[in-house]
Amino acid sequence: MSAPDHPTVFDPWELGRCELANRVVMAPMTRNRADDDGVLPDYAATYYAQRAGAGLIVTEGTQPSAAGKGYPGTPGVHSDDQERAWARVADAVHAAGGRIFCQLMHTGRIGHQSHIPADARVVAPSAVAANLEVETADRTMVPAPVPVELDDAGIARIVEDFASAATRAVRAGLDGVELHAANGYLLHQFLSPGTNRRTDRWGGSPENRARFVAEVTTAVAEAVGADRVGVRISPGGQFNDMADKGNDDTYVALVEALAPLRPAYLHSLRRRSSPLHEQLRALWPTAYVLNTGFMGASELDDVAPLVADGHADLVSVGRLFISNPDLVARWRHGLPRAAWDEDTFFTAGERGYVDYPAHTVPEPTPRSSS
Ligand SMILES: Cc1cc2nc3c(=O)[nH]c(=O)nc-3n(C[C@H](O)[C@H](O)[C@H](O)COP(=O)(O)O)c2cc1C
């Protein structure tokens, strides 16, 4: 039993409109199983339902528009067929007692013309190419393109795309959306001075760099309700050729802009503890979710103190959920954890996706118990 002042990751949490069974979030993970139209296969519903023991699942990054796609095999949430596939996922997760938010990811400059319609362009806040290789639709690696700098109309269009994608996601039965403003994709590109060289109202100061993410969040909150919206950030992150160190003021400005909206949660990636994270945690008015990943596995011993000591309300875990669909039950009962196979993270098909077995028989749902 936990004293209220020392919560555990197994305690429930009220997140927006959702009662979460525990405070362990399955982190968003791209798995590249969708078809060329961005439609998830039927077995994606099995994959997510197998992992419904997480308090909350955040889905793989999902493009809000055809123009926002940057990788082969990522799903979208902008067409009727895609929406139907998400409805199957939502139904399966809910039937298994879980909750699920869809991560909306526009990849910005981390993209390639082969993924997007002929009349669309790879876009970013500024015409600065990432110094890395990107994967084309036929799965070859090529240098990242120089993106086209967005104009005001292009920015407004993307804000609208996010709002209509969120509307579709909720209409499909998903419990909410997470806006991907981390890991070097479009929203993060606006936040960071290395990728945002603008001197108009979208750049040049912390408040201006935060404006695009704030406007997307506001539009999405107006479309589906702020309590159905989470935002993911990675302050100081270097993934995808980002140079975000020393950019703390932008994150403070962002949190100050978002706080009055009271989104459902802020999901922050953190490699090590830092004063900034404690500052953001203190400023943030609702749930604070931490991911301290990529330091080996995010094991119970690593994440439990974050909740117990108040650094976060919830913790998110990535790779362990790939190989342990019943991770929370394993943690709860001290059962061994299976190792993940990196070779099948991004491959097509069911292998390495729906074939990791659960260790335990899942607890009976109310409907199946007699
Ligand atoms: C296969 C894979 C795909 C990922 N895809 C995404 C993604 O689509 N969106 C995102 O925000 N993070 C993505 N991440 C990062 C994870 O959400 C998480 O932050 C990372 O795996 C570290 O947590 P862990 O050490 O518990 O795995 C991905 C990570 C992995 C391993």
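**View 1. Cys102, tucked away in the predicted model.** Cys102 comes out at 0% relative accessibility, so it counts as buried. This is a predicted model, and the values in these legends are computed from it. Cys18 gets the buried label too, because its relative accessibility is 5%.

**View 2. Cys18 and Cys102, with no bond between them.** The cysteine sulfur closest to that of Cys18 belongs to Cys102, and at 14 Å it is too far off for a bond. A pair has to come within 2.5 Å to count as a disulfide. Seen from the other end, Cys102 has the sulfur of Cys18 as its nearest cysteine sulfur, again 14 Å away, and takes part in no disulfide. The disulfide count is zero.

**View 3. Helices H5 and H6, packed at an angle.** As for handedness, H5 passes H6 in a right-handed crossing.

**View 4. Zooming in on the H5–H6 contact.** Which residues meet here? On the H5 side they are Pro206, Glu207, Arg209, Ala210, Val213, Ala214 and Thr217. Facing them from H6 are Asp249, Thr250, Ala253, Leu254, Ala257 and Leu258. Sorted by type, the contact of H5 with H6 has eight nonpolar residues, along with two polar and three charged ones.

Conventions:
Residues are numbered from 1 along each chain as its sequence is written. This is a predicted model: local features need pLDDT of at least 70, side-chain atom pairs count only at pLDDT 80 or more; totals for chains, interfaces and linings use all residues. Side-chain values use heavy atoms; hydrogens and water are left out. Buried means under 20% relative accessible area, exposed over 50%, partly exposed in between (1.4 Å probe, protein chains only). A crossing is left-handed if the near helix is turned anticlockwise from the far one by less than a right angle, and right-handed if clockwise. Helices (H or I, at least four residues) and strands (E, at least two) are DSSP runs, numbered from the N terminus. Contact means heavy atoms within 4.5 Å. Ala, Val, Leu, Ile, Met, Phe, Trp, Tyr, Cys and Pro count as nonpolar, Asp, Glu, Lys and Arg as charged, and the others, Gly among them, as polar.
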